[in-house]
Amino acid sequence: MPEGKLCNRTPVNTEEQLHALLADKSGKQYYEEMNHLNVDTKALWATIQKTLKSRLKTWLEICAHCGMCADSCFFYLANKKDPKQVPSYKIQSTLGELVRRKGQVDNAFMQKVMDVAWGKCTCCNRCGMYCPFGIDMGVMFSYLRGLCHSQGFIPWELKIGAGMHRIYRAQMDITTEDWVDTCEWMAEEYEDDWPGLTIPVDVAGADIMYTVNAREPKHYPEDLAEAAILFHVAGENWTVPSEGWEETSLAMFAGDWEACKLQVESVYDAMKRLQAKRMVVTECGHAYRATVIEGPYWAGLPNGQTPIPSFHYVEWVAEALKSGKLKIDPAKKIKEPVTYQDSCNYIRNAGLKDAARTIMSYIAEDFREMSPCKEHNFCCGGGGGMNGLGRYRKERNNGLKVKRDQILATGSNLVVAPCHNCWDAIRDLEEVYRVGIRWSFLKPLLISMIEVPEHLKPKEE
Amino acid sequence: MYEFLTGPMLILTFVIFFIGIIWRTIWYFRGLSWQLDRVAYKPHLSYGIKGALRSVIFWLLPFGTRSWRFYPGTTLLVFAFHIGLLFTPVFLKAHNIILNERFGISLPTLPEGLADALTLMVIISAFFLLLRRIAYPQHRIITTAYDYLLLLIAAAPFITGFMAFHQVLNYQFWLIAHIISGEVFLVAIPLTKLSHFIGFFLSRIQLGMDYGIKRGGMKGKGMAW
């Protein structure tokens, strides 16, 4: 059978298609249809020939099969050193094989590829740091996901997620109106405690254009209020765009490069429209990676830079603490042992380790590094979209063991995790393994320990 | 036979070797795409060069990277193997005598005892690299017949050279076998995945530029390999 009604090679572009997919609980029918989806081998090979250039070809060819990538992979470690989890094996038996067969592969092969590309790799890029040749298998798996996407072999949730971006320019069904309403609502909600608190929408020429992860307005609107409070206390001249406020990209996890482009362009349009001095994004790793690190290339910006300088939330916090815009009450610093989860997306893949250390030096009395840490830290276990994929829940939960043990080894029960994916993964690892740890974004911690200037405090009745 | 192998055949070998290496290098750089690789190579070239240098230099130093330190045994084997592999043939006295006879050029040479030790080092480390492939499941699973063949191609000139130097049984046999296997090795470098001879540098430069330009090099202090 060729393409199914839900599982096919056509991306989701209409609400009707989206609702049909959402109505299919857990993707039951979707995955059933996938069993019959044929592979357009001609198109697949044509895509490979057009996009597999010297970098990837060389990586596939010169791999010395030395196995030095093995211990770099947290899935390999979590699966009791199963040789089938060696990154080199995973990529050679999927992308490598696909290229050797010149795209002449069948349905079963593509399903296997999908299960490896999403179920055995989070694209954390750690293996690339352990290969003497610099073969970055995370990059190759991301490329492979794009090939899978073009053939319709992608996890159900990511087909929906990429569709959301195509329709709403957000990973969730939030309209411009919903977003602006949420901003107003949150400002009103917290106004009594924080006199003068506003969430300015579409103010041109502000110092900071703030952007978020759609989960915040949808599920944790207080996060938006907390961001507003911290900007307010720091005296920042800031704004949010009414459109182009969403920085995440499930499309990136899906390998839907066209949707990736549409999504980041909505943010770049906002940057150009509002002409803020700079952009700051919320505590999300992949949002920063997608919009700031990879996005300019999807959008075809040859200098690889966003239209205005862009910063991750940890950079802004580190700067606000250093410059004294935010002052920590020494009595309220974190006293207990606390560790920091280095997100692959903005630490390993964007070099922001020092900002994180600066923050911890201001807020914690007993900061304990994980081992390994910084660029060498392990993925939380939920990256690359893995947290949200029902099909690979077992693999995900198993992989969380590595992070669990890393956290426990620090002797701290509190993990600062300024990344939505990491935050979720650590929450889930506590739910699965019950080791008695807590986890937090920076914003609530900072609000609980900043010194608030007199004039910003509510007037006593 | 000897005249032919060290005359026209040697010239042909060098031609294939050098042209192959040059061609690979040109092909690699021409195939880089700022948009597909997602690295703005040209607009930020100075950051790229810095990243590339870090990426190559740290990896050329034994124990210079976390990965080299993580696998100390492998690191010793790999460096012993490659140092012997690269230095012995280039600075061997006998080779430079031939070079001088044929082409009128020669390089400084190693004392014979040292050259002999380096040769042994290559043979021994090759043997352990072979064992490593067989012994460990995480290496066995990715090892193919091609990997064994390449290890043989790389080690053969050293084994035969060692036998010839020590005149084991039939000197003439080992000498001819040595020249042939040496020429096979040189030709195999650009034509097989022994092309990591140059590919190591190309790939490391690329990833170094990637980290130097895109993945943090312009904000942080550079990747701590």
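Author: Let's start with a term: buried area is the accessible area (1.4 Å probe) that two parts lose on being put together, summed over both. This is a predicted model, in which local features need pLDDT of at least 70 and side-chain atom pairs pLDDT 80 or more, while totals for chains, interfaces and linings use all residues. Residues are numbered from 1 along each chain as its sequence is written, chains are lettered from A in the order written, and side-chain values use heavy atoms, without hydrogens or water.

Reader: What area is buried between chain A and chain B?

Author: The size of an interface is often given as the accessible area lost when the parts come together. Here about 4700 Å² is buried between chain A and chain B, with 57% from carbon and sulfur atoms. On the chain A side, Arg55(A), His65(A) and Tyr297(A) lose the most area to chain B, together 16% of what that side buries.

Reader: How many salt bridges are there between chain A and chain B?

Author: A salt bridge is a side-chain nitrogen of Lys or Arg within 4 Å of a carboxyl oxygen of Asp or Glu. The count between chain A and chain B is eight. One joins Lys214(B) to Glu294(A), their closest N and O atoms being 2.6 Å apart.

Reader: And how many residues does each chain bring to the contact?

Author: With contact meaning heavy atoms within 4.5 Å, chain A brings 60 residues and chain B 54 residues.
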